[in-house]
Amino acid sequence: MNCENEESFWSLIGMTSRAMRNYADQQLQSYDLTIEQLLVLKHLDLAEGIPQNTLSQLAGKSPANITRILDRLEKKNSIIRRPNPEDRRSSLVFLTDEGENVRDELVRLFQGLVSELVEGIAPEKQLVAIDVLKGINNNLHKMIIKRDERG
């Protein structure tokens, strides 16, 4: 890839990421939610609680960050925390009825968005784009692991 195309490629990835983030933020504003809060809600179930530390790993958030997110979701009546009967040091996180309704509505909203985002783009081109982005993501993870191994 020549330098001009390379710069355009990375610029497009950055611009697309920012535009998607801005659009998602606008959609979530009327629900008084952030993208991080929605991602946490997506991991929760009404009937079964998830240990807070497991939720932290699933959401890719630090324990301190997940605690702040859960505090805010609890104030919005979207989640409830209960003591974990198997581990006194942890709590289980449950989705409330209200949280489930909001989550389900937003999941439907964003599924519709995905359809709009790829409208007019041939399925085979979508697959190529997915493969390229997966390759970049895998390479980044390898680079992070190498960096961490070097200390």
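Phenylalanine 9 has a relative accessibility of 25% in this predicted model, so this residue counts as partly exposed. A search of the whole structure for aromatic pairs returns 1. That pair is edge-to-face because the ring planes of phenylalanine 9 and tryptophan 10 stand at 75°, with the ring centres 5.1 Å apart; the cut-off for this class is an angle over 60 degrees.

The charged end of arginine 82 lies over the ring of phenylalanine 94, at 4.7 Å from the ring centre.

Strand β2 covers residues 79–84 and includes asparagine 84. Is asparagine 84 buried or exposed? Its relative accessibility is 10%, so asparagine 84 counts as buried, the limit being under 20%. Leaving aside residues up to four places away in sequence, asparagine 84 touches Pro51, Ser90, Ser91 and Leu92. With serine 90 there is a polar contact from side chain to side chain, at 3.0 Å.

The next element to look at is a pair of helices. Two packed helices are described by the angle between their axes and by the distance between those axes. For helix α2 (residues 35–42) and helix α4 (residues 63–75), the angle is about 85° and the axes are 10 Å apart. The two helices are therefore roughly perpendicular, as the angle falls in the range 65 to 115 degrees. On the α2 side, the residues in contact are Glu36, Gln37, Val40 and Leu41. They meet Ile66, Ile69, Leu70, Arg72 and Leu73 of α4.

How values were computed:
Residues numbered from 1 in each chain as written. Predicted model: local features only at pLDDT ≥ 70, side-chain atom pairs only at ≥ 80, totals over all residues. Heavy atoms only, no water. Phe/Tyr/Trp six-rings, centres within 6.5 Å; stacked < 30°, edge-to-face > 60°. Buried < 20%, exposed > 50% of the residue type's maximum accessible area, 1.4 Å probe, protein only. Lys NZ or Arg CZ within 6 Å of the ring centre and 35° of its normal. Helix = DSSP H or I, 4+ residues; strand = E, 2+ residues; numbered from the N terminus. Polar contact = N/O pair within 3.5 Å; in protein donor to acceptor, adjacent residues only side chain to side chain. Contact = heavy atoms within 4.5 Å. Axes fitted to C-alpha atoms, helices over the stretch in contact; angles between N-to-C directions. Parallel < 35°, antiparallel > 145°, perpendicular 65-115°, else oblique.
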